[in-house]
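Thanks for coming, everyone. I'll walk through one model, starting inside a chain and then moving to the interface. Please have the viewer open.

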Amino acid sequence: MVRIKQVFRAIVAGALTLTVALFWKNPEKIWLILSSLILINLQIEKSFFKNQLFMLVVGILILVNICVVHFFGFYIFLLAGYLFTTTFFSAYTGWKYPRYFYPAFMINLLGIFAAASMSASQMNLAEAILGGVVLVLILRCFLWPTTFRSEIRVLYQDYCDALQALQKQIFEIYLRRDYVEHTYLYEKELHHKRFAVLEVINRMRILLIQMPPKLSTHYIGLVNRLDCLIEAVIVLGSLRYEIRDFSTLEVCEKELKAAMDHIADAFEKIKRYEPVAEDFSMESFEMLYQTTLQVVTNEPRVYLVFIHNIKQLLADLKNLSLIKEVV
Amino acid sequence: MKPTFILKRSYAQALAVFLAVIVSYFYSFSEKYWMVLSALVVMQAAINVPVRQGMQQLLIFLLVVVVGTYVSSFASFFQCLLLGVAVICLATFFEVKAWIFAIIFFIALLPTSYAIQARINDIGIGGAIGILTNLFIFPARADVQFRNSVIYFVKLYSRYLSAIDDYLLQKETSKELVLKNKIELESVLQNDSTEFPSWVYQAGLSATLRPGHRHFLIMTERLSEILASMHRIARHPFSQEIVKRLEEPLTHFVREAQKILAAMSAVLALNKMDQPVSDLKEEWIAIEKTINDLIPVTFDISDQEPVYFRLISLLEDLNDLRHTLINLGNSLQTACSKLGI
């Protein structure tokens, strides 16, 4: 959802910039387009005002960098030395502060590109770049201001998608039962899906810090619950390293599938802000445990904990669906 | 990441650009920036898989420029601008690397008097400069990088484990401390974090390092899952009677587990272990006995009392923790004996 918004903003900026470029007499139209499209999606997770300020600073740095490149352009070793310095600082910034990698890289890239446009007039270049910056500053006033509430709603959707994907991956391991032969492949997938969830919850925490205190108090309970839900899903994955014989899972395949489908259905409902019905019963799984699993498996206790964890997850999802904060 | 590592990587990248600028001035076949841009982009390859990832970056770069140049040869300037803007807009749906290649594509669409072959030559030379710089100028040592990253994680896990233990035993200020440790660990386990060695999962890592590194990383990630499960149990406090019974065996278990983690850090830092460590067998037996005493004999799955399920979950988590630490210790032992440590 966040990505779709980014694409939409870029399309609007692109369309407007192209229109301005078509009617503008300045021969350096390319710089107008480049500067506006590079800057439009620059958001380093700060407040709207700080984002605008940061974008202005990046725009000015691009301009200054290009002007200096032109200044040193008459002597190749001076130019190479200057580009060495800018690349060093850009790379250092990108490594030390990963969230600033993109703006630092772009300032450097445009400097290198400008080194070959020595014939361009500096005035025209400056006009084009500043024109791009101003265009984006104005556009963001209309495209950017979103309320904290809508931001939380968007992140909530992303969170549900990411957690649902993690839960599905975990159950896939149990239903396919070839985890031992393909451990690395499954762990790699789990790793990526776990990261995706942690990324979203981290962004929510950052948003909470940015909110006014009254609003953050309103949402902090929700974010804590969502945090706990991640733990509830992660613990379901513990079965994969607790059991030695995966063929035992064949005994409860039907129950596992039913649980997976019901959890997926619960996630769909909470995404649509609908209440999760309490119509799923773990009785058949519990009965299977008592009659069969306890006998056939070497680790009966882990299955007991697993069944309990599924019940807890479903209870947590039901409680979450009853919260009004995101509606 | 260590500051010296960041400085070395930054210097290597800057040097590649410097060399590319000099070489392009004297030997370029097309616009001078192509050689430099390709060197810059290839240097963004994953730090411990320079050749394979560098080649991948180079091939994508070539493909993007060839397609852009070909399109610009028959499309009008306005059509090229429109296509370039459309591609940049669509690329924002993906990650930052896609944005960079979209900008490169846009630049490739600009009018040129040079043939595609000329650009390919320049890009090839720039890519070669980038790959060779990555290989020979302060090359990143995968084994050293990995060990340094894991040492950092092991220390985080140790602190988190201690905080969870305090939280389970309902000590003062434990709730804030455990949350602080959890957030610190999760922020490091982010995709864009430079601390987590996610490059271990990328294709192209040295075949001799790959299996061991991946196995070790999987085991250390497993620790984060076990600790998350223990944290979840600790969120629902036990009664004072249970806490009193658990205090001694649990504290002893956690202390011995932390000694194992400290020993692992020492071994990974290529130091000798100060003292021998326990295999946690006796400690776990003590906890198992305590928890079994707390759970009634008549307990079964239909029992609605959640505290017994939480106690069993805790027992299983401690068992998993024990097995994972032993597994990690054995992996280190094998590696150390091979390295003569």
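Helices here are DSSP runs of H or I, at least four residues, numbered from the N terminus. A:Arg176 and A:Glu172 form a salt bridge, with the closest N and O atoms 3.6 Å apart. By salt bridge I mean a side-chain nitrogen of Lys or Arg within 4 Å of a carboxyl oxygen of Asp or Glu. Over all chains, the search finds 27 salt bridges.

Ground rules, quickly. This is a predicted model: local features need pLDDT of at least 70, side-chain atom pairs count only at pLDDT 80 or more, and totals for chains, interfaces and linings use all residues. Residues are numbered from 1 along each chain as its sequence is written, chains are lettered from A and ligands numbered from 1 in the order written, and side-chain values use heavy atoms, leaving out hydrogens and water.

Now the interface. Chain B brings 76 residues to the contact and chain A brings 70, where contact means heavy atoms within 4.5 Å. About 7300 Å² is buried between chain B and chain A, and carbon and sulfur atoms give 73% of that. Buried area is the accessible area (1.4 Å probe) that two parts lose on being put together, summed over both.

How many salt bridges are there between chain B and chain A? The count is 11. One of them joins A:Arg194 to B:Glu221, closest N and O atoms 2.7 Å apart. On the chain B side, H1(B) gives the most, with 14 residues. That side divides into 49 nonpolar, 12 polar and 15 charged residues. For the classes, Ala, Val, Leu, Ile, Met, Phe, Trp, Tyr, Cys and Pro are nonpolar, Asp, Glu, Lys and Arg charged, and the others, Gly among them, polar.

Last, one helix pair. Helix H2 of chain A, residues 29-40, packs against H4(B) at about 10°, axes 11 Å apart. Axes are lines fitted to C-alpha atoms over the stretch in contact, and angles run from 0 to 180 degrees between N-to-C directions. H2(A) and H4(B) are therefore roughly parallel, the word for angles under 35 degrees. A:Ile30, A:Ile33 and A:Leu37 meet B:Phe77, B:Leu81, B:Val85, B:Ile88 and B:Cys89.

Notes. Helices (H or I, at least four residues) and strands (E, at least two) are DSSP runs, numbered from the N terminus. Angles under 35 degrees count as roughly parallel, over 145 as roughly antiparallel, 65 to 115 as roughly perpendicular and the rest as oblique.
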